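Subject: Handover of a structure and its findings

Dear colleague,

Please find the structure below, together with its sequence. I would be grateful if you would read the notes after it with the structure open beside you.

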Amino acid sequence: MRTLEEIFVRNRRWADGIRRQQPGFFERLARRQKPQYLWIGCSDSRVPATMLCGLEPGEVFVHRNVANLVVHTDFNCLSVIQYAVEVLGVKHIIVCGHYGCGGVQAALDDPGLGLIDNWLRHIQDVVNQHRDMLARISDRKERLDVLCELNVLAQVLSVARTTVVKNAWDSGRELSVHGWIYGLEDGRLVDMDLCLTGPDEISPAQERSTAGIFARRKMMDP
Ligand code: CO
C-alpha cells in the first residue's frame, strides 16, 4: 500500500472534468492567485472550507488547525494572516468554527488526550472566562454549541488584535474580520453577526456578541 491509487484515479477524473468544463482554468490559476478571502477554520474533515462555501480553487486562502484557534505566539497562523493581508491583499478574514467541534468538546471535558491538551488550554481560558454562565446551561449539547460560538468570538478578537490587522487598519486599509459558524448537521453556514472593520469596534463587539450568544439560549433559573 505505498500508493493510494483510488485518490489518484479520483484526482484525474476531477482535473479532467474541470478542463472539459472550463478550458484554461488551471493555466490561469497557475499564473497567479488572487483570493478575496482568508479562511481560518477547524481541521475537522467535515469542514472543507472551499467546498462548503461553494468556491473554487483560487478563491479562498486557507488556514486550519484543531478548533480554529488564533494564538498570538503561533507563527504558523500569524504568517498565514500576514501573507494573506499584506501580500495577497485579502479584504476579508473569516474565522469559522463549527458546532459539535471535538476540540472544543475536549476542552470542556478535559479527558486527557496528551500533547493536544496544551493547545486546547486556550479554549479552557474561554471556559474560565464564562464559567458561571456556562454552568447555567443544563443541556450538554447546548453548552458545547455555546462554547463553540464563544470560541469563534475569542478568535475573531484575537485576529483583530494581531499586529498585522492593527497595522492594516492604522494605515487605512479596508479589512474586515468575520465570525461564522458551520452546522455539521445541515451543512449551513451561519453569520454570527460579528464583523470588525476597525479597532474601535473590538470592545463593543466583544460585549454585544457575548451577551447575544447567551441571550439566544434558554438559561436555567439562577
Ligand atoms: Co472542530
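The notes below cover the metal site, the salt bridges and a surface patch.

This is a predicted model, in which local features need pLDDT of at least 70 and side-chain atom pairs count only at pLDDT 80 or more, while totals for chains, interfaces and linings use all residues. Residues are numbered from 1 along each chain as its sequence is written, and side-chain values use heavy atoms, with hydrogens and water left out.

Metal site

The cobalt ion has Cys42 (SG), His98 (NE2) and Cys101 (SG) as its protein donors, at 2.0 to 2.3 Å. Donors are N, O and S atoms within 2.8 Å of the metal (3.2 Å for Na, K and Ca); water is not among the atoms, so sites may look incomplete. Along the chain, the donors of the cobalt ion have the spacing C-x55-H-x2-C. Cys42 in strand 1 (residues 37-42) and His98 in strand 3 are 56 residues apart, and this pair links distant parts of the chain. Helices (H or I, at least four residues) and strands (E, at least two) are DSSP runs, numbered from the N terminus. Cys42 is buried because its relative accessibility is 5%, and His98 is buried with a relative accessible area of 1%. Here, buried means under 20% relative accessible area, exposed over 50%, and partly exposed in between (1.4 Å probe, protein chains only).

Salt bridges

The whole structure holds 11 salt bridges, each being a side-chain nitrogen of Lys or Arg within 4 Å of a carboxyl oxygen of Asp or Glu. One of them joins Lys141 to Asp145 at 3.6 Å, N to O. Both residues, Lys141 and Asp145, belong to helix 8 (residues 140-160) and stand 4 residues apart, about one turn of the helix. Lys141 is partly exposed at 46%, whereas Asp145 is buried at 11%. In helix 1 (residues 5-21), Arg19 and Asp16 are 3 residues apart, again about one turn, and their salt bridge spans 3.0 Å from N to O. Salt bridges also link Glu142, Glu149, Arg216 and Arg217 in a network.

Surface patch

Arg32, Lys34, Lys91 and Arg173 form a positive surface patch. Patches consist of residues with over 30% relative accessible area and no salt bridge, with like charges joined within 9 Å and nonpolar side chains (Val, Leu, Ile, Met, Phe, Trp, Tyr) within 5 Å. Lys91 sits in the loop between helix 4 (75-88) and strand 3 (92-98), and Lys91 is partly exposed because its relative accessibility is 37%.

Yours sincerely

Key:
Areas by Shrake-Rupley, 256 points an atom, 1.4 Å probe, with all protein chains shown as cover. Lys, Arg positive; Asp, Glu negative; His and termini not counted. Charge placed at Lys NZ, Arg CZ, Asp CG, Glu CD.
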